[in-house]
Amino acid sequence: MSEARTHDAPGERAQTREGGAAFPPAQFVLIYESRDGKLCLFEDSDGHLTAVRAEKLA
């Protein structure tokens, strides 16, 4: 039984699923940014919301 795995190599991180196919990169859409630019709200392709301090993105 093969499950989703993560392979870590020096300087490289690739995620694979059963059969060895790579996961597609995550897709996020910026749906809100505060007026001062310090808070961003993103939605992923599954509809999950994530709030992030903009300073963490740099």
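Reader: How many bridges join S4 to S5?
Author: This is a predicted model, in which local features need pLDDT of at least 70, side-chain atom pairs count only at pLDDT 80 or more, and totals for chains, interfaces and linings use all residues. Residues are numbered from 1 along each chain as its sequence is written, and side-chain values use heavy atoms, with hydrogens and water left out. Strands are DSSP runs (E, at least two residues), numbered from the N terminus, and two of them pair if DSSP finds at least two bridges between them. S4 and S5 run antiparallel, and the bridges that join them number five.

Reader: Which glycine in the turn between S4 and S5 has a positive phi?
Author: S4 and S5 form a hairpin with four residues between them. Its turn holds a residue with a positive phi of about 90 degrees, Gly 47.

Reader: Which residue takes a positive phi in the hairpin of S3 and S4?
Author: S3 and S4 (residues 39-44) pair in the antiparallel sense over five bridges. Their hairpin has five residues between the strands, and the phi near 75 degrees belongs to Gly 37.

Reader: Which are the edge strands of the sheet?
Author: The open sheet has three strands in the order S3-S4-S5, with antiparallel pairing. An edge strand here pairs on one side only, and the two are S3 (28-33) and S5 (49-53).
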